[in-house]
Amino acid sequence: MKQVVQNYKSGELAVLDVPVPGCKPGGVLVRSAYSLISTGTELMKVSEAGMSMLGKARSRPDQVAKVMQSVATNGVPATYRKVMGKLDSYTPLGYSLCGVVEQVGAGIDDVKVGDLVACAGNEHALHAELNWVPKNLYAPVPDGLAPQHAAFGTVGSIAMQGVRQGEPQLGEVALVIGLGLIGQLVVQLLTAAGVRVVGADPDPSRCELAERLGAMACGDPASPAVEAAVAELTDGHGVDQVFLAAGGGSNQPVELAARLARDRGRVVDIGKCRLDLPWNAYYEKELDVRFSRSYGPGRYDPSYELEGRDYPIGYVRWTERRNLACFLDLVARGRVDVEPLVSHIADFDDAVETYQRLKDGELKAVAVLFRYPEQTEEAEAPSVAVPAVPPAAKVSTPARSAKSPVRLAFVGAGNYATSMLLPHLARREGVELSTVVTTTALSGANAQRKFGFAKATTDLDAVLGDKSVDAVFVVTRHSSHAELTRQALLAGKTVFVEKPLALTEDELAGVLAAVEESGNDRLQVGFNRRFAPLLTEAKERFGARTGPASLRYLVNAGKLQHGSWYLQQGAEGSRFAGEGGHFIDTASWLLDADPVSVYATAAPGNEDLQVVLRYPDGSTATISYVTTGASGFPKETLDLVGDGKVLKLDDFVRASVHGPKKWVSSRLPKARDKGQNAELAAFVKAVRTGGPMPVPLESLVATTAATLAVGTGLAAGAPVTLARTP
């Protein structure tokens, strides 16, 4: 990959080819879309690098002090070699960017591959094509916020932390000295907080910009205009806060702050300017001088920045990451406007030339962005293997008499099990609810009391070893489905597992390995929609096809409630991985085939997906899985078109078929029937009779592989071939 670097000894700037950083636990690998040049901090560093050794020493007296200490400790020769070695090496530039998550490290569950994030840190948000960013130094970008605007996140956090240090109150008056990038953002943040702002900067164009963005008045700090504006707005008392957002070696900003601040006002230093405080002026007004440390609490704390240890919100309300997220939210809601600050957008390949133009003064700018090229290199088309179902020994459930009950055990008794499955089974004749296994004793006791289980336990092995149990229902969180299914198959049980069967290809392979080892292929996945009476009748009315068909499926999924375990993507997989199999299975059942390829796309930072499935006869199915639709619109609607006929389903309450003969479902059902009851009836019948399972195992595997391919395709940005293994 490419990265912008600088040699501090020679001043050389370059775009180097460097290795791609690894994706370590506790962070994400981010591909840059836009990164922001700090025209203050970064240009100061670039300018210092071009100075003589004496000039460098004068500009960094803090480093000179460290060198002198090293001389006293290690001697001149050793110190000289150490200093020269450090100076004569490449150092990175940049600390504010927006990009797309390319890889997620262990322990990260708040973002997924393809999400748009804003990143911070002079070691992690560099001008580079790829960066590894630890958890507390990135924040998801709100829906609708452009990536070039989200790239302002870090400098926005710096400005926000400075404003917080000033503790502004509604109706107060503030003076912002220095109207560069940080100063312009401070003006907008103060205005958004209900503070009247006066700005001071020698550049008339920056003064004009600040006034357009909300300042009451701006002017040259050496002119009487600023002092007159302050006097008018404060009745001669002086401003409540002064924010020093200027740089350079002049002491004028701190002297102006003392002159225009009110008695016991606050002076906040955000930039890096000279601070020779005039003692009498600050003493007589008893001014409160405060410093703003970069992006906020957590800065320079390795346990926070690198190890991901957050500060409790009750003790530290605004940390680095919370400031970053807050600023992005303000920009997304239009309370802060960064577009007028963008003076120039340069291609990343032109980075050296851009820095040189800024340094020489040829390019006058408040903010400059680097735009990174999209990946254009052709890669081998990704594929997902669809494992062949092993030739099991066909261990079948022996046929039972009608009077012999089918004994069922449940592993898990959460909301879905207790609302959609157990009510049907508890009243089904010929079914005995034997045992319920839960992780907490109380949930098991509740299920036992409500549905009449004979026993409740937390011991899974007791159920798997109970020969009287005919079938096991796995209705737990998604991450445990594959392993529990594998164990139950090896124990010789018929298994009903709620979707998804597996979250990874390895998990799917593990389930099939259990089928091969045990000879037990008695498995059903809870794809219930193919059993819905309304849809079943509509398919019969549609009839057989002779040519390819086109299917369109809109899933208006809606937003999840805060705190839903579905949001724990690091542990439980993406939302589509969890429930997308429903819709893929329905499409495949309607088209009477399994898909051969999958193409998935989504807008960066958006959960809405478009999934296109291609079938052997040329048929296609498009699944639009959206979370941003109106809550009052039906959740599921689909249309199947082919052979001069159209099948239409409206959320399992009405269906119709248009063709040579028109059919419309006669009346609305009492409630939406998505097929759970019919599915359970088919499953219980298969257990009782020892006959075939309701859905062939080959179909369950193909649907699971296609669901997994959606994630693969999103990451690759390319169609995924579903390759059948021999």
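## Threonine 354 and helix H14

Leaving out residues up to four places away in sequence, threonine 354 touches Ile37, Ala346, Leu363, Val368 and Phe370. The structure discussed here is a predicted model. Threonine 354 is part of helix H14, which spans residues 351–360. Its relative accessibility is 3%, and threonine 354 therefore counts as buried, the limit being under 20%.

Alanine 365 belongs to the loop that runs between H14 and strand S16 (367–371). With 12% relative accessibility, alanine 365 also counts as buried. Not counting residues up to four places away in sequence, alanine 365 touches Thr39, Arg206, Ser343 and Leu358. The C-alpha atoms of alanine 365 and histidine 344 are 7.0 Å apart, although 21 residues separate the two along the chain.

## The chain as a whole

The protein chain has 726 residues, of which 50% are buried. Its secondary structure consists of 24 helices and 32 strands. Among contacts with a separation of 6 or more, 69% are between residues 24 or more positions apart.

## Helix H8

Which residues of helix H8 are buried? In this helix, formed by residues 204–212, they are Cys207, Leu209 and Ala210. These residues lie on the same side of H8, because the arc they cover around the axis is only 160°. The cover over the buried residues of H8 includes helix H7 (181–192) and strand S11 (217–219).

On the face of H8 turned away from the buried side are the exposed residues Pro204, Glu208 and Arg212. Glycine 214 follows H8 and has a positive phi, near 130°.

## Arginine 299

Arginine 299 is located in the loop between strand S14 (288–291) and helix H12 (302–305). Is this charged residue buried or exposed? Its relative accessibility is 8%, so arginine 299 counts as buried.

When residues up to four places away in sequence are not counted, arginine 299 touches Asn122, Arg293, Ser294, Glu305 and Glu320. One of these residues, Glu320, is also named in the lining of the second largest cavity.

## Glutamate 432

Glutamate 432 lies in strand S19, which covers residues 431–437. At 27% relative accessibility, glutamate 432 counts as partly exposed, since this value falls between the limits of 20% and 50%.

Leaving aside neighbours within four places in sequence, glutamate 432 is in contact with Pro405, Val406, Arg407 and Leu408. With one of these residues, arginine 407, the contact includes a polar contact between side chains, at 2.2 Å. Glutamate 432 and valine 469 are 37 residues apart along the chain, and their C-alpha atoms are separated by 9.6 Å.

The largest cavity has a volume of about 70 Å³. It is lined by 13 residues, and those closest to its centre are Pro500, Ala577, Gly581, Thr704 and Thr707. At least two lining residues come from each of helix H22 (575–591) and helix H24 (697–716). H24 provides the largest share, 4 residues. By class, the lining of the largest cavity divides into 7 nonpolar, 5 polar and 1 charged residues.

The second largest cavity holds about 40 Å³ of space. Its lining is formed by Ala120, Asn136, Leu137, Ser157, Tyr295, Glu320, Arg321 and Leu324. Helix H13 (residues 320–332) gives the most to this lining, with 3 residues. The lining of the second largest cavity divides into 4 nonpolar, 2 polar and 2 charged residues.

Methods: Residues numbered from 1 in each chain as written. Predicted model: local features only at pLDDT ≥ 70, side-chain atom pairs only at ≥ 80, totals over all residues. Heavy atoms only, no water. 1 Å grid on protein atoms, 1.4 Å probe; cavity = no way out; pocket = protein on both sides within 12 Å on 5 of 7 lines; lining within 4 Å. Points joined across faces, edges and corners; volume = space filled by probe spheres on them. Nonpolar A, V, L, I, M, F, W, Y, C, P; charged D, E, K, R; others polar. Buried < 20%, exposed > 50% of the residue type's maximum accessible area, 1.4 Å probe, protein only. Contact = heavy atoms within 4.5 Å. Arc of directions from axis to C-beta. Polar contact = N/O pair within 3.5 Å; in protein donor to acceptor, adjacent residues only side chain to side chain.
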